[in-house]
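Please open the model in a viewer and keep the sequence panel at hand.

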Amino acid sequence: KTLIFDQNLIGTWVDKDTSAWTFVQTNEKTYELIYTEKGSPGRFEARLIKLGKYSFLDLFPKEPVMQNGFYKFHLVPAHTIMQMWIEERKIRMAMLNHDWFKDQVDKKKVKLAHEHRGNEIILTASTEDLQKFVLRYANDPKAFPEPGELRRLK
């Protein structure tokens, strides 16, 4: 119910570090994101989610093209959630601050199902719980710090 589609996202966007984000519509409410860094592309399934007055981008890596099945078996795909603002000539995105989140978990201020994997935290909560969490902290600059900005490629 929370998935939306925004035609303005379609196209190629670049940042000051020369990475490119190309969004292509794949069906009614999903995109493929081809993220290119230093000439090397990575492909993601991308979905735009509307929660209240906030928009979030959910990225999930597509299966990498590899010949080594044993190695690929050990890779753990995970969702990435970013707060997103779409404008005509630019988009802004703010990732959840990992250090802030880890601190909140360590102090038991955030009770959201998760697992520790080394220094990383893997969220295992339900979609509903994750949506409540990001909506609760969407306006907190410690949780979602200053967004990065991408400009539409002409």
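Two strands pair if DSSP finds at least two bridges between them; helices (H or I, at least four residues) and strands (E, at least two) are DSSP runs, numbered from the N terminus. The model is predicted: local features need pLDDT of at least 70, side-chain atom pairs count only at pLDDT 80 or more, and totals for chains, interfaces and linings use all residues. Residues are numbered from 1 along each chain as its sequence is written, and side-chain values use heavy atoms, with hydrogens and water left out.

**Paired strands**

Select residues 90–95, strand β8, together with residues 148–152, strand β11. These strands run antiparallel and are joined by 4 bridges. Within the pair, I91 stands opposite L150, and M93 stands opposite G148.

A hairpin of 3 residues connects β7 to β8, and the two strands, which run antiparallel, share 5 bridges. Centre on Q83 to find its bridge partner in β8, A94.

On which strand does W13 find its opposite residue, R152? Select residues 11–14, strand β2, which runs antiparallel to β11 and is joined to it by 2 bridges. W13 faces R152 in β11. In a regular strand the side chains alternate between the two faces of the sheet.

**The largest pocket**

Now select A78, H79, T80, I81 and L123, which are the closest to the centre of the largest pocket among the 30 residues that line it. A pocket is found on a 1 Å grid over the protein atoms alone, as an open set of points where a 1.4 Å probe fits, with protein on both sides within 12 Å along at least five of seven lines; lining residues have an atom within 4 Å of a point. The space in this pocket is about 1000 Å³, where a volume is the space filled by probe spheres set on the points, and grid points are joined across faces, edges and corners.

Select F60, P61, K62, E63, P64, M66, K72, L75 and P77, the lining of the second largest pocket. Its volume is about 190 Å³, and its lining has 6 nonpolar, no polar and 3 charged residues.

**Two single residues**

Centre on E45, in strand β5. Its side chain makes a polar contact of 2.6 Å with that of R47 (a pair of N or O atoms within 3.5 Å; within protein, one must be able to donate a hydrogen and the other to accept it, and residues adjacent in sequence count only if both atoms are side-chain atoms). Leaving aside neighbours within four places in sequence, E45 is in contact with Y31, D58, L59, F60 and K62, contact meaning heavy atoms within 4.5 Å.

Finally, move to Q104 in helix α2. Is this residue buried or exposed? Q104 counts as buried because its relative accessibility is 11%, buried being under 20% relative accessible area, exposed over 50% and partly exposed in between (1.4 Å probe, protein chains only). E45, at 30%, is partly exposed. Beyond its neighbours within four places in sequence, Q104 is in contact with K109 and V110.

How values were computed. Ala, Val, Leu, Ile, Met, Phe, Trp, Tyr, Cys and Pro count as nonpolar, Asp, Glu, Lys and Arg as charged, and the others, Gly among them, as polar.
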